[in-house]
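This report describes the secondary-structure packing of one protein model. Please consult the sequence and the structure displayed below while reading.

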Amino acid sequence: MLKKDEKKIEKKREKEIDKLIKKLTLDEKIAMIHGASLFRSGELARLGIPAIETSDGPMGVRAEFLDDRWIPVGNQDDMVTYLPSNSALASSWNTDLAREMGHVLGAEARGRGKDVILAPGINIKRDPLCGRNFEYMSEDPVLTKAFAVPFIQAVQENDVAACVKHFAANGQETDRLMVDEEIDERTLYELYLPAFKAAVQEAGVYSVMGAYNKINGVHCCENKKLLDEILRKEWGFDGAVISDWGGVHKTREAAECSMDLEMSIFPDFDDYKLANPLKVLIEKGEISVDTVDAKVRNLLRMMYRLKMIGSKREERKAGAYNKPEHREAVLRGAQESMILLKNENRILPLDAKKIKKLAVIGANAVIQHSYGGGSAEIKALYEICPLAGLKMYLGGNVKVSYAQGYYVPQNKTDEGENWQAASVDEDRNPDMGKAVRDEVNDSENRRRGEEERLAKLEREKAEAHEKNEKLFAEALEMAKDADAVIFVGGLNHDYDVEGCDRPDMKLPYEQDMLIEALLKVRKDVILTFVGGSPVEMPWREQAQTILWSYYAGMETGNALAQIIFGEVNPSGKLAETFPVKYEDCAAAKNGQFGKWGNIVLEEGLYCGYRHFDRQRIKPAFCFGHGLSYTSFEYSGLTMKAEKGKDVKLTFSVKNIGKRAGAEAVQIYIAPIAAQVDRPDKELKAFSKVELGAGRSKKISLTLKQEDFMYYDAQLRKFIADAGDYEILVGASCEDIRLRGIATLS
Ligand code: BGC
């Protein structure tokens with residue numbers, strides 16, 4: 001459509017919105033700007049303005065809940081496609097997959113009758129212990145934004161709003177409702193904001209979720225600087241801001257900044273800050289009704305865009321869920337997301353024809369992960385676990401034996417209850433009103449809860465130790481006797497979970513002990529893992545084969561089997577650093593992670609590989625690392641400055657192995673004579689190329705002037721220094737294959 005036509009349509013829409021607002025009473029306006037059920041805003045039937053139906057979440061559309069209780073309805077019609085988590089998706093380094101997954105999620109959300117899907121989560125992974133890292137993409141802003149943009153666009157092509165979350169810097173779960181993060185301006189702009197900015201300006205996201213935490217003393221959902229100055233004024237966002245559930249604390253502050261829709265975990269809807277308390281202040285004349293109109297306007301604009309109201313209503317897409325093609329897309333996502341970290345002596349791929357007896361060891365071979373993790377939990381139509389995937393792949397001629405290997409406590413909550421329900425315990429507070437709210441908001445109480453949780457983990461450790469002796473012995477016996485041994489361990493959603501951070505970076509349930517014992521029995525044991533965040537691998541030097549999978553969706557088991565037996569050539573690469581030990585991480589060193597009350601992001605820009613580079617600490621597996629069953633050769637880097645601003649790079653990548661494969665090539669910039677302190681190198685572009693055996697391809701990429709910039713906090717803008725920059729073309733952040741110098745005039 002021509003720009004002129006678009007402008008006309010917008011003008012017409014704004015007029016209609018104004019007309020509508022004039023027809024609304026104060027009560028009606030207020031009904032629109034706060035939750036009227038746990039996942040829905042108020043409906044105005046009189047004027048044909050429907051409720052806004054929201055749903056989690058990032059890995060699929062969450063099950064239906066009762067309107068006022070955190071209890072699943074228990075229908076048989078709300079199971080859905082279980083998508084790869086964002087951490088899996090980003091490990092594919094294939095942004096076409098972000099589009100595909102976004103399309104699946106958008107179509108399913110619409111198919112389930114939703115208007116807003118509370119995804120994607122795009123917070124930067126600041127520390128590997130954050131409980132919600134599995135929901136996020138990367139430690140790097142460029143990689144995160146490259147995935148966020150097509151994902152959001154594809155969701156919204158289905159007439160569903162993406163709600164990008166959690167704005168901003170929601171980097172830890174400990175004390176998540178109250179923690180105050182002290183962040184300097186430059187770090188905020190260079191690390192924690194770029195993906196959100198791209199979501200607004202490049203993807204045109206319709207809604208943004210304000211985070212729970214405070215930034216520099218102010219809660220994100222009441223933060224004028226964040227919501228008014230940056231989001232609205234600097235970035236030009238004109239969609240709707242939705243609070244995280246319970247993220248609004250003060251009526252006046254939330255009313256007077258750009259917080260449009262208050263949602264919460266409590267069912268006392270009329271007492272929400274933007275409900276009766278706001279009405280009282282307006283009636284007293286202390287707050288102008290214009291503040292409410294502005295919120296209503298933003299919400300109505302989103303509703304127009306979604307064709308919920310207005311003349312295009314009939315044209316709104318219907319969506320669909322559980323389509324076979326959704327499952328096919330999810331399988332592709334899983335295949336490309338798995339990362340071969342190590343493969344000495346070419347143990348993988350296994351030749352299925354040569355195997356008569358296969359031993360599969362480890363609890364994660366049979367655990368289903370979809371129903372866990374917090375608000376990212378879903379009711380999957382099905383989930384193929386690794387053991388099932390392996391057996392389905394091999395068929396009946398191979399004898400597959402299974403041993404659990406290590407003990408995992410059963411942490412199921414009562415039937416029908418979930419963790420959000422547990423946070424508003426009905427027995428203690430039958431009215432679920434103010435008393436509950438105070439209890440949850442009371443930090444002593446929350447701290448006690450956290451202590452209880454840690455004590456429980458300790459008790460479980462002891463319990464596991466008791467049971468493991470027998471389980472280890474069984475597993476070791478089985479391993480001796482098989483043609484090949486596949487260990488499937490890792491984490492689960494007792495660790496990768498919303499609401500708490502991990503206590504350490506170790507594999508739970510004494511898996512390290514079992515792995516060490518297994519490696520003594522069989523050097524060639526294939527170590528595979530399913531988990532949402534990095535773990536220490538103290539045995540990694542002895543291990544020959546390590547394959548890592550994030551929570552990769554309903555087809556995890558199939559994808560894993562296809563990779564192990566070579567039907568699929570692995571092509572995932574790490575979107576985050578895997579440190580040798582937790583103490584090597586930036587926040588572990590400065591003690592500014594996982595604290596109650598407040599944290600200072602002292603490391604500034606130096607998180608993830610930026611920190612490991614600067615401190616010359618060698619990680620176990622670096623950012624961008626991932627192996628293939630074939631090898632690639634890089635050659636012929638040429639650079640051409642265009643218009644004195646952009647730099648066009650050309651180089652070739654050749655598949656020099658015997659089988660087809662895909663390679664994610666990465667471009668880093670290292671400023672040579674920077675006038676300010678800058679990270680040693682930063683990812684600026686990447687591309688994934690698929691190449692048949694012996695084939696090569698010329699790759700052209702353009703670095704724009706903004707790729708050379710840093711944020712000058714004094715000038716309050718991004719600037720680039722003239723001078724020389726080293727351009728690094730690599731297979732990972734450590735494995736740099738080509739270098740050149742670009743001069744910026
Ligand atoms: C989470 C959000 C989620 C919301 C609704 C909150 O606890 O932080 O990510 O969308 O609940 O379930």
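In this predicted model, five strands form an open sheet in the order S3-S4-S5-S7-S10, with parallel pairing. Here helices (H or I, at least four residues) and strands (E, at least two) are DSSP runs, numbered from the N terminus, and two strands pair if DSSP finds at least two bridges between them. The pairing of S3 with strand S4 (residues 116-117) is parallel and rests on two bridges; Thr 54 has Val 116 of S4 as its bridge partner. Helix H11 (residues 289-305) packs on this sheet and touches S4, strand S5 (161-167), strand S7 (207-210) and S10. The direction of H11 makes about 110° with that of S10. Contact means heavy atoms within 4.5 Å; axes are lines fitted to C-alpha atoms, for helices over the stretch in contact, and angles run from 0 to 180 degrees between N-to-C directions.

Residues are numbered from 1 along each chain as its sequence is written. Local features need pLDDT of at least 70 and side-chain atom pairs count only at pLDDT 80 or more, while totals for chains, interfaces and linings use all residues, and side-chain values use heavy atoms, with hydrogens and water left out.

A second open sheet has four strands in the order S21-S20-S25-S26, with antiparallel pairing. Its edges are strand S21 (682-691) and strand S26 (736-744), each with a single partner strand, so one side of each is left without a neighbour in the sheet. From one strand to the next, the twist averages 20°. Strand S20 (residues 661-671) pairs with strand S25 (residues 723-730) in the antiparallel sense over six bridges. Within this pair, Tyr 668 has Leu 728 of S25 as its bridge partner, and Ala 670 stands opposite Glu 726. S25 and S26 also run antiparallel and are joined by eight bridges; a hairpin of five residues connects them. Val 729 is bridged to Leu 738 in S26.

| Helix pair | Axes | Crossing angle |
|---|---|---|
| H16 (residues 443-480) and H17 (residues 511-521) | within 10 Å | roughly 25° |
| H5 (residues 141-156) and H7 (residues 194-201) | 8 Å apart | about 25° |

H16 contributes Phe 472, Ala 475, Leu 476, Ala 479 and Lys 480 to the contact, and H17 contributes Met 513, Leu 514, Ala 517, Leu 518 and Val 521. By class, this contact has nine nonpolar, no polar and one charged residues. Ala, Val, Leu, Ile, Met, Phe, Trp, Tyr, Cys and Pro count as nonpolar, Asp, Glu, Lys and Arg as charged, and the others, Gly among them, as polar.

The angle between H5 and H7 is about 25°, which makes H5 roughly parallel to H7. H5 passes H7 in a right-handed crossing. Pro 141, Thr 144, Lys 145, Val 149 and Ile 152 of H5 meet Pro 194, Ala 195, Ala 198 and Ala 199 of H7, a set that divides into seven nonpolar, one polar and one charged.

Note on methods:
Angles under 35 degrees count as roughly parallel, over 145 as roughly antiparallel, 65 to 115 as roughly perpendicular and the rest as oblique. A crossing is left-handed if the near helix is turned anticlockwise from the far one by less than a right angle, and right-handed if clockwise.
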